[in-house]
Amino acid sequence: MIFTPTVLSPAEDALRHEVRRWLDAALPADFRPGLGLGGRHDPEFSRALAAQGWVGMSIPREYGGAGASTVERFVVVEELLAAGAPIAAHWIAERQTAPTLMRFGTEEQRRWFLPRIAAGECFFSLGMSEPDAGSDLASVRTTATRTEDGWRVDGTKVWTTNAHLNHFFVVLCRTSAADDRHAGLSQLIVDLSSPGVTVSPIPLIDGELHVNEVVLDGVHVPDERVLGEVGQGWAQVTAELAHERSGPDRYLSVLGLLRAFLADHGKDLDDSDAAAFGRIAARLWSIRQLSLSVARALEQGEAPATEAALVKDVGTIFEQEVVETMREVAALEIDPEGETQFERLLAECVLNAPSWTLRGGTTEVLRGIAAKALTRAAR
Amino acid sequence: MSAPAIESGELRDAVAAVLRDRVTPEVLEAAERDGWAAGVWEPLADGGFAAVSVTEAAGGSGGSVAQACAVLEAVGAAAVPVPAAETGLLAGRLLASADLELPDGALSTTSSPGLALGSGGLAGAVARVPWARAVSALALLADGPDGPVVVLVDPGAARITPGRNLAGEPRDHVDLDGVRPLVTAPAPPDAGVELRRRGALSRAALVAGACRAVMDLTVRYTGERVQFGRPVSAFPAVATHLVRIAEQAETVAMAARSAAANAGEEGEPAPLDVAAAAVVASEAAGAVAAAAHQATGAMGMTREFALGALTRRLWSWRDEWGGGRVWAADLGRSLAAGGADAFWPTLSRGLVIP
């Protein structure tokens, strides 16, 4: 495993301050921060951010992006998540779909989608999980059958965040029966407003309605919306997950909670509270350096998949422990309508924290990946 | 050796190569019995590795705090019972801060609260001084009549009561009442806090090295040990221990290296960085030791198996120079004092020295 301490260049540091100043002005004073990537869905905010050149930053200039480096994007994303900014509208399109299009998309797809993503006009959801395909993604059953001018898609996708608000989703589906279940999978870009698409909310335990079931019933997808090669879906998805794994969204979900804690309790910390907060800060500081070093490695063309899995595991476990520590230190009865922002955020965190070690690869799946790499290296 | 010419990683490898064949189980056992690892200190000292981060003008090998910590990672990984941290990074830089030159031989130092220098010599005692009985001189801070002073003391002139840590490394009680220092010089006002920070950073680097070695050892052992017809590392419950060890080992290495790198070419490590590294190191030491012992079973508990030499050091080093709790409270208080709005900007400052 290779984690090298990395330094932000003066230009990267200046960018951080520019984003910070812009966010100070853009977000209202009484703004309630979202929990990292759980920030609100706000197309207007996404467009304003895009106008600054901060959406789809790593998209090359010829496709309407900023042509920025991985670390520059890291810096911007870190500031957005730290502020709990409402990033949900463009989040998947910018983090996941754009790099996948750059890597596997056709020239025509790039020319059509990438400028719209970079402008904050085209929002994506993920179409991977199914009722019987969670961690075991290769067991997807949604099918795409050949028609005269494209594909007919049938099946059900679940946990599709903001499918009721976004424009497209990339559907992992079976395009041919194969003995090897990793073969015969493909990715199709599906317009969520197509006839035959039914989006229904799956209420989560906090009562929020941003996650959906998407039923695809004879949905027509034209040939030009096949993403990458037919039959190469598994390899493409695996590459995509590496992008998803180790970013700042894996340790900054709790930043708003920590800031609110300091605002409410920072003045009267006893030794034990101070030590508890110091432990959290120390770990955050270290995990952040790990994540940044993965971003730098990606920027230099490396593929640190094991490192990314490790950072995600460490980061999300850390986030959950922060919630428990804050609850212990605050020692209050949790009130979702509590008087202070800290109380309300704590309530939201307690209800949402379990999802942090599930989404983007469960703890168990990630440790399986890391363990394989560790024991392989020893042989 | 001219340290500045060498990258930290290369330096770590070079020291590891020097130590590889010299630190045998027999040498470690003998060192615990005798309080000194004969045949190990000399090549380290002769190569200039123990004096990295002390300028050549002050009698050291030159180089940065990061390079000194790279040496310590290799020392920690090899479980070497010698005052490699104390001689250069701790005592050497303390002496240099008072414009004193590094004397020959191994040195030691530690925090010395309450030690005073008056007309009758030194007054007071210093607890748990690493290798006090074996080094050629002690460099300590004392309160002089006109402010803090650095004193160089001949341990032969002091009354030393031998003590040890969990790994059997000497941690001696040194009674200095009436002892006249060999040399005295005024110390800069920050010498004490800076020494304490370097001390904590040195332990983080040693812990990082030892954690890495524990990881290698545990991965190897669980890959070879067969139960129920397959290597035990093939069982997910055991593999989880390996992953947790790797996570902690990588985290503490990142923390120690970041804090050290941030000191720059000639500077001292920063308060926030050291506190964070010390906290992370203290947590990692306990977690790595526990997971490694669980994964290696009864074999890991024997004196014969190399794990114990490492874990007994992890359990010792994590509490030296303050330990996790003290540094965590320090860090928590200083961040709280900065206020809610300064929290993220302070933490995200990260590495700033190119």
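**Figure 1. Overall fold of chain A.** Chain A holds 11 helices and eight strands. Its radius of gyration is 21 Å, close to the 21 Å that the globule rule gives for 379 residues, so chain A is as compact as a globular protein of that length. The model shown here and in the other views is predicted. Along the principal axes, the C-alpha atoms of chain A fill a box of roughly 70 × 45 × 45 Å. Of the 379 residues, 51% count as buried. Take the contacts in chain A between residues at least 6 apart in sequence: 74% of these join residues at least 24 apart.

**Figure 2. The β2–β3 hairpin of chain A.** Strand β2(A) spans residues 143-147, and strand β3(A) spans residues 150-161. The two strands run antiparallel and are joined by five bridges. Two residues lie between them in the hairpin. T147(A) stands opposite G150(A) of β3(A). In a regular strand, side chains alternate between the two faces of the sheet.

**Figure 3. The annotated N-terminal segment in each chain.** An unreviewed UniProt entry annotates residues 10-121 of chain A as "domain: Acyl-CoA dehydrogenase/oxidase N-terminal". Over this stretch chain A is 62% helix and 0% strand. The end C-alpha atoms of residues 10-121 of chain A are 31 Å apart. For chain B, the UniProt annotation "domain: Acyl-CoA dehydrogenase/oxidase N-terminal", again from an unreviewed entry, covers residues 10-91. Here chain B is 60% helix and 0% strand. The end C-alpha atoms of residues 10-91 of chain B lie 24 Å apart.

**Figure 4. The side of chain A that touches chain B.** Across this interface, 44 residues of chain A are in contact with 41 residues of chain B. Five helices of chain A each supply at least two residues to its side: α3 (70-83), α7 (255-265), α8 (271-299), α9 (305-330) and α11 (363-378). Helix α8(A) gives the most, with 18 residues. By class, the side of chain A that touches chain B divides into 28 nonpolar, seven polar and nine charged residues.

**Figure 5. Helix α9 of chain B and its cover.** Helix α9(B) runs over residues 307-317 and is mostly covered. Nine of its 11 residues are buried. The run L307(B), G308(B), A309(B), L310(B) and T311(B) is among them. R313(B), L314(B), S316(B) and W317(B) of α9(B) are buried too. An α-helix has 3.6 residues a turn, so residues three or four places apart point the same way. The cover over the buried residues of α9(B) includes α2 (25-34), α6 (191-224) and α8 (271-300) of chain B.

Note on methods: Residues are numbered from 1 along each chain as its sequence is written. Chains are lettered from A and ligands numbered from 1 in the order in which they are written. This is a predicted model: local features need pLDDT of at least 70, side-chain atom pairs count only at pLDDT 80 or more; totals for chains, interfaces and linings use all residues. Two residues are in contact if their C-beta atoms, placed from the backbone, lie within 7 Å. Helices (H or I, at least four residues) and strands (E, at least two) are DSSP runs, numbered from the N terminus. Ala, Val, Leu, Ile, Met, Phe, Trp, Tyr, Cys and Pro count as nonpolar, Asp, Glu, Lys and Arg as charged, and the others, Gly among them, as polar. The radius of gyration is taken over C-alpha atoms; the globule rule is 2.2 Å times the number of residues to the power 0.38. A residue is buried if 20 or more other C-beta atoms lie within 10 Å of its own, exposed if 12 or fewer, and partly exposed in between; C-beta atoms are placed from the backbone. UniProt positions are given in the numbering used here, feature names are shortened, and annotations may be inferred rather than shown by experiment. Two strands pair if DSSP finds at least two bridges between them.
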